[in-house]
Amino acid sequence: MDERSRSLLKTLVERYIVDGQPVGSRTLSRASGLELSPATIRNVMADLEELGLIASPHTSAGRIPTARGYRLFVDTMLTARPVDLHLMSPEMAGVREQLQPDQPQRVIAQAAHLLSNLSHFVGVVTAPKRASVFHHIEFLRLGERRLLVILVSPEGDVQNRVVFTARDYAPSELVEATNYLNTHYAGLAIDEVQQKLRQEIDTLRGEIAQLMQAAVQAGTEALADNTEQLVVSGERNLLGVQDFGNDLGSLRKMFDLFEQKTELMRLLENSSRAEGVRIYIGGESGVVPYEDLSIVSAPYEVDGRIVGTLGVIGPTRMAYERMIQLVDITARLVGNALSGPK
């Protein structure tokens, strides 16, 4: 493809992203800045259409980008660069203000909400897996033979589990068991606690051993729920997207996607294996096979380790350069918030 064709394709994609209307040769002639006749531009557009980069809707003489055209535009024509967190726009600076160190789940929910609000599309964030290591454990008596086991991770994440015991326990016994466990087992993973329990059960006093088993049961249940969670915000924004407004079938499929979340989780898990921002256009991900959807995603790190992924889901007609910057900045700010103060 020569430079003239590239310039016209870039102009066509940019105009269509802004206006949402098929772009005709006269519009291209004015917007491209190239001194070309409408006839020459029509010939170039015919060549681009033959290459599968643009298409002609039945109701218009103008052209619109195809998924392949968007892909070429994103890969070779965008000028998005990483943004210095100290030189952010006021809009992006607002993201920093709202993503302050807090409970991890709160930060994740805030991030999904902000991505949705700022993109006007759908924000998605995978929550980092909660640590299987406990920093502190405590037993509270709820009633006869019923205890609340409180597990606190090193990051401050709290898990509560109600367990039923073979007998009732006095408050003094619960305090003794709490102190023993925190002294001897804090900092160990639940499976390590379980292994040590098997080795030491014969030497422990009966009530301590039984309460340890209750603690391991609670920790195991917490781990069973510790599958990576996906937070989705702003699904209803798609109802207002011109590209989807009249296609109820597509909207129904998309809402099913957000409801079930499994396919999105697979896609974002793939994204977490890559560095920086990734863009999936149309059905090219092979995981979310909707031709009208694009996904801009990026992994985020906590203390130098990738623990989750976030992104924006919207129509293929989105402002990719802005979405790349939004996702990139949010990923870095989420990582900073979850890493805590340095």
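At what angle do H1 and helix H2 (residues 25–32) pack?

1. H1 and H2 pack at an angle of about 105°, with their axes 10 Å apart. Axes here are lines fitted to C-alpha atoms, for helices over the stretch in contact, and angles run from 0 to 180 degrees between N-to-C directions. H1 and H2 are therefore roughly perpendicular to each other (angles under 35 degrees count as roughly parallel, over 145 as roughly antiparallel, 65 to 115 as roughly perpendicular and the rest as oblique). On the H1 side the contact (heavy atoms within 4.5 Å) is made by Leu-8, Thr-11, Leu-12 and Arg-15, and on the H2 side by Thr-27, Leu-28, Ala-31 and Ser-32. By class, this contact has four nonpolar, three polar and one charged residues; Ala, Val, Leu, Ile, Met, Phe, Trp, Tyr, Cys and Pro count as nonpolar, Asp, Glu, Lys and Arg as charged, and the others, Gly among them, as polar.

2. A word on the source: this is a predicted model, in which local features need pLDDT of at least 70 and side-chain atom pairs count only at pLDDT 80 or more, while totals for chains, interfaces and linings use all residues. Residues are numbered from 1 along each chain as its sequence is written, and side-chain values use heavy atoms, with hydrogens and water left out.

3. Now the whole chain. The protein chain has 12 helices and 10 strands; helices (H or I, at least four residues) and strands (E, at least two) are DSSP runs, numbered from the N terminus. Of its 342 residues, 48% count as buried (under 20% relative accessible area, with exposed over 50% and partly exposed in between, using a 1.4 Å probe and protein chains only).

4. Helix H1 (residues 3–19) also packs with helix H4 (residues 67–76), at an angle of about 105° and with axes 10 Å apart. The H4 residues in this contact are Tyr-70, Leu-72, Phe-73 and Thr-76, and those of H1 include Leu-9, Val-13 and Ile-17. Seven nonpolar, one polar and three charged residues make up the contact of H1 with H4.

5. Leaving aside neighbours within four places in sequence, Val-334 is in contact with Leu-99, Val-107, Ile-108, Ala-111, Tyr-300 and Leu-310.

6. Leu-326 lies in helix H12. Leu-326 is buried, with a relative accessible area of 1%.

7. Finally, a sheet. Three strands form an open sheet in the order E4-E5-E6, with antiparallel pairing (two strands pair if DSSP finds at least two bridges between them). Strand E4 (136–143) and E6 are the edge strands, each pairing on one side only. Seven bridges join strand E5 (residues 146–152) to E6, and E4 and E5 also pair over seven bridges. Phe-139 stands opposite Val-149 in E5, and Val-149 in turn stands opposite Arg-161 in E6.
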